[in-house]
Amino acid sequence: MNSTIDSTDATIPVQGQLEAYNACDIDTFMQFWADDCQYYAFPDQLLANGAAEIRERHIVRFKEPNLLGKLLKRIAVGTMVIDQEVVTRTFPEGPGEVDVIAIYEIDKGKIAKAWFKMGQPRLHDSAA
């Protein structure tokens with residue numbers, strides 16, 4: 001039995017970027033993404049190609065006052081990590097939440113590719 005700690009644990013950058021996402025900390029968030037990373041709407045719609053485009057997308061998102069990704073379940077196999085989350089956001093129609101499945105491919109300790117499958121947003125009832 002090998003008792004060596006696996007320093008290539010694929011969940012480390014995924015957890016790190018989730019924590020930075022919830023802190024709306026763009027600089028820390030970007031440390032977990034490879035320079036040439038790709039960001040997709042599942043299955044194959046490229047939304048951002050490279051770290052600069054991912055940064056640009058998230059600078060805007062991080063301005064949302066209620067932004068929060070809540071991890072429900074995580075599965076990791078080799079270099080792939082799959083998260084099931086509920087994300088609270090401010091949509092154009094108002095505040096709400098959306099179910100998300102996020103699939104990450106890790107290479108050399110960084111997120112190389114990510115795919116996001118979004119459910120239908122559920123708007124929060126607003127007190128009138």
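Valine 77 first. Valine 77 is exposed, because its relative accessible area is 60% and the cut-off for exposed is over 50%. This is a predicted model, by the way. Valine 77 sits in strand β3, which covers residues 68-77. Ile75, Val77, Ile82 and Ile101 make a nonpolar patch of about 340 Å².

Isoleucine 101 and phenylalanine 116 are 15 residues apart in sequence, yet their C-alpha atoms are 5.8 Å apart in space. Phenylalanine 116 belongs to strand β6. Is it buried or exposed? Phenylalanine 116 is buried, because its relative accessibility is 14% and the limit is under 20%.

Now the largest pocket. Rolling a probe the size of a water molecule over the atoms shows where empty space is left. Here the largest pocket holds about 270 Å³ of space. Its lining counts 18 residues, and Tyr21, Tyr39, Arg61, Phe116 and Met118 are the closest to the centre. So Phe116 turns up again, as a residue that counts as buried at 14%.

Which elements supply the lining? At least two residues each come from α1 (11-22), β1 (33-41), α3 (51-61), β4 (80-91), β5 (94-107) and β6 (110-118). By class, the lining has 12 nonpolar, 2 polar and 4 charged residues.

Stay with strand β1 for a moment. Tyrosine 40 is placed there. Tyrosine 40 is buried, with a relative accessible area of 13%. From tyrosine 40 to glycine 78 is 38 residues in sequence and 20 Å in space, C-alpha to C-alpha.

Next, backbone geometry. Most residues other than glycine have a negative phi, and most peptide bonds are trans.

One is a cis peptide bond between phenylalanine 42 and proline 43, with omega about 5°. Proline 43 is in the loop between β1 and β2 (45-49).

Another is cysteine 24. Its phi is positive, about 55°, although cysteine 24 is not a glycine. Cysteine 24 lies in the loop between α1 and α2 (26-30). At 29% relative accessible area, cysteine 24 is partly exposed.

Then lysine 108. Its phi is near 55°, again positive in a residue other than glycine. Lysine 108 is in the loop between β5 and β6. Lysine 108 is exposed, with a relative accessible area of 78%.

On to charges. How many salt bridges are there? The count comes to 5.

Take arginine 55 and aspartate 27. Their side chains meet in a salt bridge at 2.7 Å, N to O. Arginine 55 lies in helix α3 and aspartate 27 in helix α2, so the pair ties together parts that are 28 residues apart in sequence. Both ends are partly exposed: arginine 55 at 29%, aspartate 27 at 47%.

Arginine 89 and glutamate 64 form a salt bridge too, at 2.6 Å, N to O. Arginine 89 is in strand β4 and glutamate 64 is in the loop between α3 and β3, so parts 25 residues apart in sequence are tied together. Arginine 89 and glutamate 64 are both buried.

Aspartate 83 and arginine 74 also pair up, at 2.7 Å, N to O. Aspartate 83 is buried, at 0% relative accessibility. Arginine 74 is partly exposed, at 25%.

Last, a network: salt bridges link Glu97, Asp99 and Arg122.

How values were computed
Residues numbered from 1 in each chain as written. Predicted model: local features only at pLDDT ≥ 70, side-chain atom pairs only at ≥ 80, totals over all residues. Heavy atoms only, no water. Patch = residues over 30% accessible without salt bridge, like charges linked within 9 Å, V, L, I, M, F, W, Y side chains within 5 Å. Areas by Shrake-Rupley, 256 points an atom, 1.4 Å probe, with all protein chains shown as cover. Salt bridge = Lys/Arg side-chain N within 4 Å of Asp/Glu carboxyl O. Helix = DSSP H or I, 4+ residues; strand = E, 2+ residues; numbered from the N terminus. Buried < 20%, exposed > 50% of the residue type's maximum accessible area, 1.4 Å probe, protein only. 1 Å grid on protein atoms, 1.4 Å probe; cavity = no way out; pocket = protein on both sides within 12 Å on 5 of 7 lines; lining within 4 Å. Points joined across faces, edges and corners; volume = space filled by probe spheres on them. Nonpolar A, V, L, I, M, F, W, Y, C, P; charged D, E, K, R; others polar.
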